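I opened my notebook to jot down what I looked up in this one. Here are my entries, in the order I made them.

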Amino acid sequence: MDKLLVFFGQDPVVSLEAGKYAIWLIPSLFPSAILESMVPYLQTQSLILPMLLCSIITLSFHIPLCWALVFKSGLGTKGAALSISLSYWVDVIALGIYLKYSPACEKSRAAFSRDVFLSVGEFFHFTLPSAGMVCLEWWSFELLVLLSGLLPNPELESSVLSIRLTTTSLHSLILHSIGAAVSTRVSIELGAGNSQAAQLSVCTVMVLAVAEAITVSAVLFCCRSILGYAYSGEKEVMDYVREMTPLLCLSIVMDSLTAILSGIARGSGWQHIGAYDNFGAYYLVGIPLAIVLGFFSKSKRRGDLGRNSDRNHTASHFAYFYNMS
């Protein structure tokens with residue numbers, strides 16, 4: 001893995017650590033896949049509290065485990081990856097016990113049978129475009145991290161961009177939760193033939209998303225001078241983070257709209273539209289713009305502005321498709 005990163009021009013030291021982390025993260029794919037199947041099953045039945053309690057249990061287990069594996073066992077970044085895998089399994093086991101023995105799942109619980117294979121084709125009809133929509137978005141972020149490694153002083157550039165992506169990822173957890181809620185509500189209402197109720201749900205969530213985006217952006221902008229302390233003690237990194245915070249605030253506004261509109265697309269069965277739109281927005285507009293601004297313009301630190309541009313493009317297209325409905 002590290003040789004592949006070096007081949008693409010990344011710093012050898014950073015590539016070595018990233019390769020170790022990626023390899024040790026592979027075991028987490030299996031519990032993650034199981035967990036992603038359990039969550040929608042519970043969401044469609046409005047069984048949110050069990051997931052919350054299981055997440056609290058997992059978090060209480062993960063924090064001391066991660067600390068022990070990273071700092072006490074000597075594994076370092078490998079220990080961080082291993083702790084993620086073990087924590088995923090804890091969450092899967094806890095939810096599995098609930099699904100097995102809870103009376104709330106008694107009517108919807110089904111045993112494994114051959115009939116499962118008969119619906120695989122219909123399942124892939126929706127999952128492949130949905131996976132494409134999500135993967136195209138997140139792969140573009142990882143591509144930005146790789147591109148930052150080609151800039152002068154790659155350690156600083158990669159560190160600051162990783163800080164920004166970490167901040168937006170933490171914020172996106174709130175948005176994806178809201179997006180999952182509106183996706184479930186829209187799909188239920190449309191399935192019942194109640195399009196007006198679906199539109200009301202969309203309008204309500206959009207107001208909530210805008211209010212949340214304004215609040216979070218305002219807080220981050222006011223705290224831009226101390227935001228870097230949450231990630232690093234180096235003055236150069238903190239100064240860079242402070243300079244990039246206004247762009248981060250703009251990105252958060254676009255994040256809020258995109259996450260909600262993506263949830264609407266999933267609930268409406270428009271995953272294929274989302275996949276096409278993400279490809280055009282991120283790879284035909286956002287990434288090329290980031291390359292131009294990052295490598296060829298005088299203001300190289302504004303190269304990540306391309307990410308904001310493609311988010312705006314994505315949001316506008318989802319809004320267009322919603323109005324067409």
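**Notes on the chain**

I started a side note on Tyr283, which is partly exposed, with a relative accessible area of 22%. My reminder on the words: buried means under 20% relative accessible area, exposed means over 50%, and partly exposed is in between (1.4 Å probe, protein chains only).

Before going on, I noted that this is a predicted model, where local features need pLDDT of at least 70, side-chain atom pairs count only at pLDDT 80 or more, and totals for chains, interfaces and linings use all residues. I also wrote down that residues are numbered from 1 along each chain as its sequence is written, and that side-chain values use heavy atoms, with hydrogens and water left out.

Next I asked what Tyr283 pairs with. The structure holds one aromatic pair, and Phe279 and Tyr283 form it: they are stacked, 5.9 Å centre to centre with 25° between the planes. Rings of Phe, Tyr and Trp (its six-membered ring) pair if their centres lie within 6.5 Å; planes under 30 degrees apart count as stacked, over 60 as edge-to-face and the rest as tilted. The two are separated by about one helical turn because they sit four residues apart in helix α11 (residues 271-296). Phe279 is partly exposed too, at 42% relative accessible area.

Then I looked up the overall build. I found twelve helices and zero strands in the chain. Helices (H or I, at least four residues) and strands (E, at least two) are DSSP runs, numbered from the N terminus. Of the 325 residues, 39% are buried.

Where is the nonpolar patch's biggest share from? I found that α5 gives the most, with four residues. α2 (12-25), α3 (29-43) and α5 (77-101) each supply at least two residues. The patch has about 1100 Å² of accessible area together, and its members include Trp24, Phe30 and Trp89. Patches use residues with over 30% relative accessible area and no salt bridge; like charges are joined within 9 Å, nonpolar side chains (Val, Leu, Ile, Met, Phe, Trp, Tyr) within 5 Å. A salt bridge is a side-chain nitrogen of Lys or Arg within 4 Å of a carboxyl oxygen of Asp or Glu. Areas come from the Shrake-Rupley method with a 1.4 Å probe.

Last entry: the charged end of Arg224 sits over the ring of Phe221, 4.1 Å from its centre. That counts if NZ of Lys or CZ of Arg is within 6 Å of the ring centre and within 35 degrees of the ring normal.
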